Amino acid sequence: MFSNAGTLLDRLQGLFSKGFLVGGIVPLVLLFFINWGLLYFFYHDLYTAWLPYVLPPNEGEILYWVKVVLILFTGGLVIWNLNPWFRQLLEGRFWPRFFYNWLRNVQYDKRKKMVAEKENMDLVLFDYRTKVEEWIQKLVNARSGKAAEPEAPVSDDLEKAFTKLRNSTRSAAIIPFKDMEDFAKELEKELQNTAKVGKGLDAIHTGLVKLLRETRSNLEYRYDRLVVDMKQRFPSEDGGLGPTSMANFSMVHREYGGKRYGLDIEHFWIRLLKVIRGDKDFYPMLEESKNQLDFSIAFTIVLGVTTLIWIILGFCAEGFWPFTLVAVLGPIATNIAYQVAIQSYRGFTEVVRSAIDLNRFQLLQLLHIELPGDGATEKALWKKLETGDDTLSYQHPAPAAKKEAVAEDGEAFG
């Protein structure tokens, strides 16, 4: 997406950058060694016949290494420049319409499942938020005025019920407040009916109070984590939902700038990138996340293409194992690489969102636009910039300030 805006000339100027090595040369080298190894195991005669062309010759080594460098350079350049297309492919573009719709329905079901979980947690948390302290106070009132007697017995049923409840809370399941409330009612009756509070009953009482508060705190944490996870993985509107996780990450950071600030990152990215490049602390983070994303995408494509080709070649090889191994291990390895690429895309999305947060005002200053005083003004301002509204007012340096700046520069070089 963002790489599409770069011209071939821009790429040629940075051929020996880390991005070119990671996103072009390394995937090419991996492509060669993976296929060369498979050729050795499944078509050994062909491997032996081609080996003299691969190994350095006894004479003319300089020409051999020149060829190797040219192959690496050309092949790496091809892969590096195809990376934006690879990313669009993994985002679900270029797929047949029926397959696109099927993939989108899968993403819709995943989002729907998370929405249902969030709604369920909303209901559960409402009870915990409103009733926990109320029940804690009820238990205090039921125990009030009771004498302490360490040896006073407690019913076995109450102890067993508390142990069961405590064990349930240690699982990953969401415990409905009704289960807590039912036990609290039994404990309240026990505290009201007993004349003396023993060590066992005291332990159950204090344990339940702790359990109620811990469960509420854990649910709050899980709820916040679920909300953040939804915001990071899916756009807020169903209409923006894509057919793959990568497509959704792409929409997330575009939606983030638009909904929060009114800034369409697709429109302003190149301009914003100029500002980001001047930040010596932040720009390396953006570059590193982009390199990781390019490599993981290229490696996924390398494994996917290798798997497709060698499923056919393995079927033609002698024996049962070549086809079986490739058909089983190839998709597994490709899927693992794809999952890594998804996480890389997620990290890249977070960096882009941070870039919007931290650098948008510097971009406005660079455009000679007065900084907005509130969020509503900022949203209107970015929209005006995007549409080219001629009612925009600019804030230029005063002529005196310009002369002073020129004089200072003259003194500095004088």
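Leaving out neighbours within four places in sequence, Trp 382 is in contact (heavy atoms within 4.5 Å) with Tyr 261, Gly 262, Leu 263, Phe 268, Arg 360, Leu 363 and Leu 364. The model behind this is predicted, so to speak, with local features needing pLDDT of at least 70, side-chain atom pairs counting only at pLDDT 80 or more, and totals for chains, interfaces and linings using all residues. Residues are numbered from 1 along each chain as its sequence is written, and side-chain values use heavy atoms, with hydrogens and water left out.

Trp 382 also turns up in the largest nonpolar core, a set of 40 residues in which Met 246, Trp 269, Ile 276, Leu 286 and Trp 382 have the most contacts. A nonpolar core here is a set of buried Ala, Val, Leu, Ile, Met, Phe, Trp, Tyr and Cys residues joined through side-chain atoms within 4.5 Å; buried is under 20% relative accessible area, exposed is over 50%, and partly exposed is in between, with a 1.4 Å probe and protein chains only. Two or more residues of this core come from each of α4 (61–90), α9 (245–261), α10 (265–277), α11 (283–316), α12 (321–366) and α13 (375–387). Helix α12 gives the largest share, 11 residues. In soluble globular proteins, nonpolar side chains tend to be buried together.

With neighbours up to four places away set aside, Met 246 is in contact with Leu 90, Glu 91, Ile 297, Tyr 338, Ala 341, Ile 342 and Tyr 345. Ser 168, in turn, is 78 residues from Met 246 in sequence and 37 Å from it in space, C-alpha to C-alpha. Tyr 261 is also placed in α9, and it counts as buried because its relative accessibility is 10%. Beyond four places in sequence, Tyr 261 touches Tyr 256, Ile 356, Asp 357, Arg 360, Glu 378, Lys 379 and Trp 382. Asp 357 is 96 residues from Tyr 261 along the chain, yet their C-alpha atoms are separated by 9.0 Å.

Now for the loops. Phe 94, in the loop between α4 and α5 (97–143), has a positive phi of about 70° although it is not a glycine. His 368, in the loop between α12 and α13, likewise isn't a glycine but has a positive phi of about 65°. His 368 counts as partly exposed because its relative accessibility is 30%.

The C-alpha atoms fill a box of roughly 100 × 85 × 50 Å along the principal axes. Of the 414 residues, 38% count as buried. Among contacts with a separation of 6 or more, 77% come from residues 24 or more positions apart.

Definitions and conventions
Helices (H or I, at least four residues) and strands (E, at least two) are DSSP runs, numbered from the N terminus.
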